[in-house]
Amino acid sequence: MARKRVAILISGRGSNMTALIEAAKDPAYPAEIVLVLSNRPDAAGLARARAEGVATAVVDHSRFGMDREAFERALQAELERHRIEIVCLAGFMRLLTPWFVRRWQGRLINIHPALLPAFKGLNTHERALAEGATHHGATVHFVVPEMDSGPTILQDRLRVLATDDVASLAARVLEIEHRIYPQALALVARGEVAIGDREPQPPLRW
Ligand code: GRF
C-alpha cells in the first residue's frame with residue numbers, strides 16, 4: 001500500500017515533528033512526511049525540517065488579522081499543493097475553525113501533553129502538579145471542532161513523583177509523546193483506527 005502523505009503543523013521547537021520524521025525514515029513505516037508547515041516564520045522546527053530534507057512552508061497567521069478562515073484557506077492551499085492525506089498537529093498553537101476541522105475530520109490528529117479528558121488547554125504540567133494528580137501523561141487524538149475533545153487514538157501515562165517539578169514532569173511526558181505519536185500516526189495511516197460514526201468526510205481530490 002502506498003505510504004500516506006503527511007503534513008506536520010508546528011509553531012515552535014518541533015520535537016514531536018522530529019520524532020515523526022525519524023519514524024518515517026523506516027521504509028516500512030506507512031506514512032511519509034512531505035511537508036512541515038508553520039504559522040510562525042521563526043519556529044525552530046523549520047530549520048530542523050529543512051535539515052532533514054523535508055519541504056517547509058510558512059503561513060504567517062499575523063498577516064490575516066482576525067480573519068481565521070482566510071488563514072485556514074491559505075493553509076488548505078498549501079496542503080492541497082502537496083497532496084496531503086493526513087495532517088498532524090505538533091505544538092501548533094492556533095485554534096482551527098469548524099470549517100477546517102470538518103474538512104479534515106478523521107485525517108487530522110493532535111498530541112496533547114495530558115491524560116485527556118483531564119487538563120484540556122494550556123499549562124497542563126503546572127495544573128497536574130497543582131492539583132496533586134497521581135498520574136499524568138500524553139494523548140494522541142483525532143481533532144474535532146471542540147478543543148482537545150476528539151476520540152483518543154493512543155494514550156500513555158506515568159506516575160507523578162513527589163520530587164517532580166514542572167520541568168522534570170514535562171521532560172518525562174515528552175518522552176511519552178515522542179513514543180506514542182509515531183505509533184498513533186502509523187495506526188491512522190494503516191487505517192487501523194478511524195473516527196467512527198461522524199459526518200462522512202469529503203473525498204480527497206488526489
Ligand atoms: C508538546 O508538549 C505537545 O504535546 C504540545 O505542544 C508541545 C510541542 O512541543 N501540543 P514540540 O514543538 O513538539 O517540541
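Begin by selecting Asn110, which stands opposite His141 in strand 6. The model on display is a predicted one.

Strand 6 covers residues 135-142, and four bridges join it to strand 5 in an antiparallel arrangement.

Now select strand 5 itself, residues 108-112. Are its residues buried or exposed? Five of the five are buried, so the strand is mostly covered under the cut-off of 20% relative accessible area. Turn the view to follow the side chains. In a regular strand, side chains alternate between the two faces of the sheet. Here Leu108, Asn110 and His112 point one way, while Ile109 and Ile111 point the other way.

Finally, move to the ligand. Which residues are around it? They are Arg13, Gly14, Ser15, Asn16, Gly91, Ile111, Pro113 and Glu177. Ile111, already visited in strand 5, places a backbone N or O atom 3.2 Å from a nitrogen atom of the ligand. Select Arg13 to find a polar side-chain atom 2.4 Å from a ligand oxygen atom. At Glu177, a side-chain N or O atom is 2.7 Å from an oxygen atom of the ligand. Taken alone, the ligand exposes 360 Å², of which the protein buries 84%.

Notes. Residues are numbered from 1 along each chain as its sequence is written. This is a predicted model: local features need pLDDT of at least 70, side-chain atom pairs count only at pLDDT 80 or more; totals for chains, interfaces and linings use all residues. Side-chain values use heavy atoms; hydrogens and water are left out. Buried means under 20% relative accessible area, exposed over 50%, partly exposed in between (1.4 Å probe, protein chains only). Helices (H or I, at least four residues) and strands (E, at least two) are DSSP runs, numbered from the N terminus. Two strands pair if DSSP finds at least two bridges between them. A residue is near a molecule or strand if one of its heavy atoms lies within 4 Å of it. A polar contact is a pair of N or O atoms within 3.5 Å; within protein, one must be able to donate a hydrogen and the other to accept it, and residues adjacent in sequence count only if both atoms are side-chain atoms. Accessible areas come from the Shrake-Rupley method with a 1.4 Å probe; for residues, only the protein chains shown count as cover.
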